[in-house]
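The points below may be read alongside the sequence and the model.

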Amino acid sequence: MNFSSFAEFIAMGNHGVYVWTSYGISLAVLILNVVLPVLARRRYLQDEARRLRREESK
C-alpha cells in the first residue's frame, strides 16, 4: 500500500468508511471482551462479600 498523503490513507480508495467502521467495531468488541468479565467478577465478589456478612450477622 502506497499512499501519497494522509488524507488518501484515511480515504482508502473511497472505501475508508467501511474499513474504519470495521476497525472501530472490532476494537469495541475486543474492549467489551475485556471489560465485561472484569465487571462481572467485581459484581460477583461484592455479592459474595455481602452474602458472607449477612450469614455472619445471623
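1. The model under discussion is a predicted one. Along the principal axes, the C-alpha atoms occupy a box of roughly 75 × 15 × 15 Å.

2. Secondary structure consists of two helices and zero strands. Helix H1 covers residues 6-11 and helix H2 covers residues 16-57. Met12 and Asn14 are both placed in the loop between H1 and H2.

3. How much of the chain counts as buried? Of its 58 residues, 3% do. The accessible surface comes to about 5400 Å², and carbon and sulfur atoms contribute 64% of that area. Among the side chains, 8 are positive and 5 are negative, and the centres of these two sets lie 7 Å apart.

4. One annotation should be noted with its origin. An unreviewed UniProt entry places the feature "transmembrane region" at residues 20-40. In the model, this span is 100% helix and 0% strand, and the C-alpha atoms at its ends lie 30 Å apart. The annotation may be inferred rather than shown by experiment.

5. Two distances describe the course of the chain further. Val35 is partly exposed, at a relative accessible area of 35%. Asp47 is likewise found in helix H2. Between the C-alpha atoms of Asp47 and Ser26, which are 21 residues apart along the chain, the separation is 32 Å. Asp47 counts as partly exposed, with a relative accessibility of 37%.

6. A pair of aromatic rings is described by the distance of the centres and the angle of the planes. The count for this model comes to four aromatic pairs. One of them joins Phe9 and Trp20 in an edge-to-face arrangement, with 5.6 Å from centre to centre and 70° between the planes. Because Phe9 belongs to helix H1 and Trp20 to helix H2, this pair ties together parts that are eleven residues apart in sequence. Phe9 is partly exposed, with a relative accessible area of 29%, and Trp20 is also partly exposed, at 33% relative accessibility.

7. Trp20 forms another aromatic pair, with Tyr23; this one is tilted, at 5.5 Å centre to centre and 40° between the planes. Both residues lie in helix H2, three residues apart, which is about one turn of the helix. Is Tyr23 buried or exposed? Tyr23 has a relative accessible area of 52%, so it passes the cut-off of over 50% and counts as exposed. Ring pairs link Trp20 and Tyr23 with Phe3, Phe6 and Phe9 into a cluster.

8. Most residues other than glycine have a negative phi. What is the phi of Met12? Met12 has a positive phi of about 50°, although it is not a glycine. Asn14 likewise has a positive value, with phi near 70°, in a residue other than glycine.

9. Asn14, by contrast, is exposed, with a relative accessible area of 72%.

Note on methods
Residues numbered from 1 in each chain as written. Predicted model: local features only at pLDDT ≥ 70, side-chain atom pairs only at ≥ 80, totals over all residues. Heavy atoms only, no water. Helix = DSSP H or I, 4+ residues; strand = E, 2+ residues; numbered from the N terminus. Buried < 20%, exposed > 50% of the residue type's maximum accessible area, 1.4 Å probe, protein only. Areas by Shrake-Rupley, 256 points an atom, 1.4 Å probe, with all protein chains shown as cover. Lys, Arg positive; Asp, Glu negative; His and termini not counted. Charge placed at Lys NZ, Arg CZ, Asp CG, Glu CD. Phe/Tyr/Trp six-rings, centres within 6.5 Å; stacked < 30°, edge-to-face > 60°.
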